[in-house]
Structures are given as structure tokens and as C-alpha cells.
Amino acid sequence: SELSSIAEIATEDGRFNTLVTALVEADLAETLSGEGTFTVFAPTDDAFAALPEGTLEGLLADKEALSGVLLYHVLGSVVMAESVVEVSEATTLQGSDIAVEVVDGKVFVNDSQVIITDLEASNGVIHVIDKVLIPGDESELSSIAEIATEDGRFNTLVTALVEADLAETLSLAHDLGHTPFG
């Protein structure tokens with residue numbers, strides 16, 4: 001039988017509703033329905049649910065950031081599981097590299113474990129992962145903190161970051177010279 005596209009498989013599967021919503025929001029569903037040779041590291045709904053509160057909502061409200069995060073899960077060529085284990089990093093369509101590591105026979109992409117491999121599609125392959133991959137180094141993270149603070153729509157997120165002692169991790173207090181509540 002003919003294989004479905006990556007987008008169709010994700011839609012029909014039931015474990016990737018959040019991913020599908022995000023792909024549609026970012027206008028990437030069509031890309032992953034069309035022709036191509038893609039490898040998608042697909043986070044489950046549970047993986048999205050595990051993001052810090054407000055993160056997903058923030059991304060869904062910012063198409064460009066959302067698109068960047070999603071493209072960070074996509075490689076521009078088909079890499080089956082047997083090949084994945086032979087590389088130590090791969091360049092994503094977002095432009096940044098992801099680290100690939102095998103530990104005790106398990107494959108990790110950054111700090112996310114690949115839990116299901118080689119779901120074949122007409123336009124590539126899907127590997128299911130248990131954590132959402134977030135691109136960026138420390139400098140990019142600090143700009144996210146700044147944007148969140150300055151934007152005004154993410155007050156809850158900023159509060160949550162401060163409460164969870166993550167504001168410092170995101171260089172919020174450092175970059176702004178004060179806490180947003182000082």
C-alpha cells in the first residue's frame with residue numbers, strides 16, 4: 001500500500017495532536033505533506049505537556065519562534081535509525097545542529113530519548129521522541145527571557161520562570177539588571 005505523508009501519519013496517529021496543531025499554526029503542515037526527504041523527530045503530546053507552563057502558549061502566539069522550534073525537529077534528508085546511531089550530530093532545517101548520542105543502546109537527540117524509530121512515510125521518516133527539542137544557546141535563551149518580559153502577553157510565563165528560579169537560567173535578571181518585580 002502507498003505510504004502516507006509525515007503530516008498524515010502524525011495526524012492519524014493520535015499521539016501527536018499538539019505537534020499537528022503547531023505545524024498547522026506555523027504553516028509547516030503543507031511542507032511535511034508534500035514531496036521531500038525529511039526526517040522528523042516527533043515529540044508526543046506528553047512531551048509538549050511537559051514543557052514549562054506557558055511555553056507552548058507563548059510559541060503558538062509567535063509564529064516565527066514556533067516555526068524555528070519545529071524546524072529544529074526536522075532534518076532535510078532521510079536518516080533511518082541504523083544511520084542515526086552512526087552520527088554524533090545533524091544539522092536541522094532550522095540551521096542549528098542537534099547532538100545525537102547512543103547511551104546503553106538508547107538513542108538520544110540532545111537530551112530527548114528516541115522512543116520509537118523508523119515510522120516510514122512517503123516523504124521521509126518519523127522518529128518519536130519524549131521531549132521537545134528547544135534550539136538555541138545561552139545567548140538566544142536570554143533574548144527569549146527579554147522578549148517574554150517586554151512583550152506583556154507573557155506575564156504568567158515570566159512569573160513562572162521567576163518562581164521556578166529559571167529566570168536566572170534565561171539570563172533575565174542578569175540582562176535586565178533587575179527582576180521584573182523589583
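Predicted model: local features only at pLDDT ≥ 70, side-chain atom pairs only at ≥ 80, totals over all residues.
β5 covers residues 106-109 and β6 covers residues 112-121, and the two pair antiparallel over two bridges. They make a hairpin with two residues between the strands, where Asn 110 takes a positive phi near 50 degrees.

Then I followed β6 to its other pairing. Five bridges join β6 to β7, residues 124-129, and this pair also runs antiparallel. I picked out one partner pair here: Ile 116 is bridged to Val 128 in β7. β6 and β7 form a hairpin as well, with two residues between them.

Moved on to the helices. At what angle do α2 and α5 pack? I get about 125 degrees for α2 (residues 17-25) against α5 (residues 63-71), with the axes 9 Å apart. Angles over 145 would count as roughly antiparallel and 65 to 115 as roughly perpendicular, so I'm logging α2 and α5 as oblique to each other. The crossing of α2 past α5 is left-handed.

Which residues make the contact? From α2 I have Leu 19, Ala 22, Leu 23 and Glu 25. From α5 I have Lys 63, Leu 66 and Leu 70. I sorted the residues of this contact by type: five are nonpolar, two are charged and none is polar.

Conventions. Residues numbered from 1 in each chain as written. Heavy atoms only, no water. Axes fitted to C-alpha atoms, helices over the stretch in contact; angles between N-to-C directions. Helix = DSSP H or I, 4+ residues; strand = E, 2+ residues; numbered from the N terminus. Parallel < 35°, antiparallel > 145°, perpendicular 65-115°, else oblique. Left-handed = near helix turned anticlockwise from the far one by under 90°. Contact = heavy atoms within 4.5 Å. Nonpolar A, V, L, I, M, F, W, Y, C, P; charged D, E, K, R; others polar. Pairing = 2+ DSSP bridges.
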